[in-house]
Amino acid sequence: MRTAFYIAAKCLPVHEEAWWQRKAGRHVICLFYHAVSDTPLPHISPLYRHRTEKEFRADIDWLTAHYTPIRWSEIDRYEQERRPAFCLTFDDGLKEFYTIAAPILEEKHVPCVCFLNSAFVDNRDLMFRYKEALQLQGIDWRRFLREEQPYLTLAQIRDLQSRGFEFGSHSIDHPHFEQLTIEEQLTQTIECGRALRRHLTLPHRLFAFPFGQAGLSPLALAVQKGTHEAVFGTANMRPAGRNMYNRIAMDDTSMPVQDIIHGEYLRETAHRILHV
């Protein structure tokens, strides 16, 4: 579905950012990635396409040419002032954030929040979908976890913090929230933060829903928004209310960043027209 909007936006004659922003009523965009790599990643590539380093550099170059890179704490102010800006995030705490993405972001002076699953820090376990992908290829996931170290270590996280990067919670072990009870949803949210704070200094309470906020109970959402300074979903440019921000997925496509952004502006504009 989203690709259709990206192609349609590319065919329209108007490409000025201000025009798109006015039509969609949005000036700040939030984006999220998982991994950046020039080589296929056996635990990820069977599931979705990640951006290459060349594509990621092109993304950042285009974004910084058209939008101001900001921290999560600046989103509301920039939107109220109608100033074009982007807030960048990464999910899952994969090691490529340390080895590939972070150096590029430092070079380009782009702040970023990386969301961590407490069960996976220091490579103590692997997300269930990654296990399944490896097993389909006949790869022993325990050996892969031990030898490849796909996640960030505590030492790497602390080093990234010292360089200005921020971190938040992403649930204990990345489940589908719609398959959990309310109590389990709350445990996944709250206990992840507690576990991370036992080992890391996290000055802000930030949370990003694993697999998005679909299926989340209203009570659980209210609690999460009340216990965190900022909560991040995955509904692209949809307004989300107080201290919650939706993000655009940058994975699983090779299309240029401008086509993705313009396509999401088109989708949000269509939603506004059809629902006004």
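Trainee: What's the lining of the largest pocket like by class?
Mentor: There are nine nonpolar, five polar and five charged residues in that lining. For the classes, Ala, Val, Leu, Ile, Met, Phe, Trp, Tyr, Cys and Pro count as nonpolar, Asp, Glu, Lys and Arg as charged, and the others, Gly among them, as polar. Keep in mind that this is a predicted model, where local features need pLDDT of at least 70 and side-chain atom pairs need 80 or more, while totals for chains, interfaces and linings use all residues. Residues are numbered from 1 along each chain as its sequence is written, and side-chain values use heavy atoms, with hydrogens and water left out.

Trainee: Which lining residues lie nearest the centre of the largest pocket?
Mentor: Phe32, His34, Tyr48, Arg129 and Phe211, out of 19 lining residues. A pocket here is an open set of points on a 1 Å grid over the protein atoms alone, with protein on both sides within 12 Å along at least five of seven lines; a cavity is a set where a 1.4 Å probe fits but cannot get out, and lining residues have an atom within 4 Å of a point.

Trainee: And what volume does the largest pocket have?
Mentor: About 400 Å³. That volume is the space filled by probe spheres set on the points, with grid points joined across faces, edges and corners.

Trainee: What about the volume of the second largest pocket?
Mentor: That one comes to about 210 Å³. It is lined by 14 residues, with Arg26, Asp76, Glu79, Met244 and Tyr245 closest to its centre.

Trainee: Which elements give two or more residues to that lining?
Mentor: α4 (75-80) and β8 (244-246). Helices (H or I, at least four residues) and strands (E, at least two) are DSSP runs, numbered from the N terminus. α4 gives the most to the lining of the second largest pocket, with four residues. By class, that lining divides into six nonpolar, four polar and four charged residues.

Trainee: Is Cys112 buried or exposed?
Mentor: Buried, with a relative accessible area of 2%. Cys30 counts as buried too, at 4% relative accessibility. The cut-offs are under 20% relative accessible area for buried and over 50% for exposed, with partly exposed in between (1.4 Å probe, protein chains only).

Trainee: Switching to helices: which residues of α7 are buried?
Mentor: In α7 (residues 141-148), Trp141, Phe144 and Leu145 are buried. Those buried residues fall within an arc of 100° seen down the axis, so they line one face of α7. The arc is that of the directions from the helix axis to the C-beta atoms. In general, an α-helix has 3.6 residues a turn, so residues three or four places apart point the same way.

Trainee: What do the buried residues of α7 pack against?
Mentor: α6 (128-136), where contact means heavy atoms within 4.5 Å. On the other side of α7, Arg142 and Arg146 are exposed.

Trainee: Last one: where is Ala119?
Mentor: In the loop between β4 and α6. Not counting residues up to four places away in sequence, Ala119 touches Arg124, Asp125, Ile172 and Asp173. Ala119 counts as buried, at 15% relative accessibility.
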